[in-house]
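Thank you all for making the time this morning.

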Amino acid sequence: MMKAKMSKWFETKVEFEKIIDDGSQKKVKEAYTVDALSFTEAEERITEEISSYISGEFTVRNIAEASYKEIFFSDLPSADKWYKAKLQFITLDEKTEKEKRSNVYYLVQAANFMQAVKNIEEVMGTTMIDYVIASVAETAIMDVFVHGVKNEETVKPEYEQQ
């Protein structure tokens, strides 16, 4: 089952030397997402998280507030990719009786495109919201770090936390 977490998310880019398949070192930039209250905290959080995975020096090259407000995590071990999904919530304007669509973005963990769509439908199926999936695209995000949660754990959606 999918798990969701509402938070303030920041996308970060970290640059470091990586040993590639032929044994040589190459400078790479990798994208990670962290939840934080501010840009300063996001830099502190990604520095703390990455330092346990990378030996040697690294530099946080970029921090940007993410456009998605919620992340759908997967329990599947094969779910090693991150997809950005654009959903359109459909409402009816009571005065004009016209359909109104508002765009909402999510980050979805899945093994492949079809699984990402299935995960979206699984989570959204528990709501009463009328929606359409406008787009789903694979991202370059390597991992997501949730404050106070080990990466092996998952988080319950806020609407399930009571």
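What follows is a short tour of strand pairing, of a helix, and of side-chain contacts.

Before the details, please keep in mind that this is a predicted model, in which local features need pLDDT of at least 70 and side-chain atom pairs count only at pLDDT 80 or more, while totals for chains, interfaces and linings use all residues. Residues are numbered from 1 along each chain as its sequence is written, and side-chain values use heavy atoms, with hydrogens and water left out.

Let me start with the open sheet, which is formed by 4 strands in the order β4-β2-β3-β9, with mixed pairing. At its edges stand β4 and β9 (141-145), each with a single partner strand, so one side of each has no neighbour in the sheet. Neighbouring strands here are turned by 25° against each other on average, direction ignored. When I speak of strands and helices, I mean DSSP runs numbered from the N terminus, with helices being H or I of at least four residues and strands being E of at least two, and two strands pair if DSSP finds at least two bridges between them. Within this sheet, β2 and β3 run antiparallel and are joined by 11 bridges, and F16 stands opposite V28 in β3. Helix α1 (residues 39-51) packs on the sheet and touches β2, β3, β4 and β9, its direction making about 140° with that of β4. Contact here means heavy atoms within 4.5 Å, and the angles, which run from 0 to 180 degrees between N-to-C directions, come from axes fitted as lines to C-alpha atoms, for helices over the stretch in contact.

Turning to strand β7 (residues 99-110), we find 3 bridges that join it to strand β5 (residues 70-73), the two running parallel, and here I71 has L107 as its bridge partner. Strand β6 (residues 81-92) runs antiparallel to β7 and is joined to it by 12 bridges, with L87 opposite V104. The hairpin of β6 and β7 has 6 residues between the strands, and in it E97 takes a positive phi near 60°.

Also in β7 lies Q109, which counts as buried at 14% relative accessibility; the cut-offs are under 20% relative accessible area for buried, over 50% for exposed, and partly exposed in between, with a 1.4 Å probe and protein chains only. A polar atom of the Q109 side chain lies 3.1 Å from the backbone oxygen of A79.

How many salt bridges does a search of the whole structure find? The search finds 5, each being a side-chain nitrogen of Lys or Arg within 4 Å of a carboxyl oxygen of Asp or Glu. One of them joins E15 to R61, with the closest N and O atoms 2.9 Å apart, and this pair links E15 in strand β2 (residues 9-19) with R61 in strand β4 (residues 58-65), 46 residues apart. E15 is buried at 13%, whereas R61 is partly exposed at 49%.

E30 likewise forms a salt bridge, with K18, at 3.0 Å between the closest N and O atoms. Because E30 lies in strand β3 (residues 25-35) and K18 in strand β2, the pair ties together parts that are 12 residues apart in sequence. E30 is buried at 9%, and K18 is partly exposed at 33%.

Finally, E99 and R101 meet in a salt bridge at 3.1 Å, N to O, and salt bridges that share partners join D35, R45 and E49 into one network.

Terms used:
A polar contact is a pair of N or O atoms within 3.5 Å; within protein, one must be able to donate a hydrogen and the other to accept it, and residues adjacent in sequence count only if both atoms are side-chain atoms.
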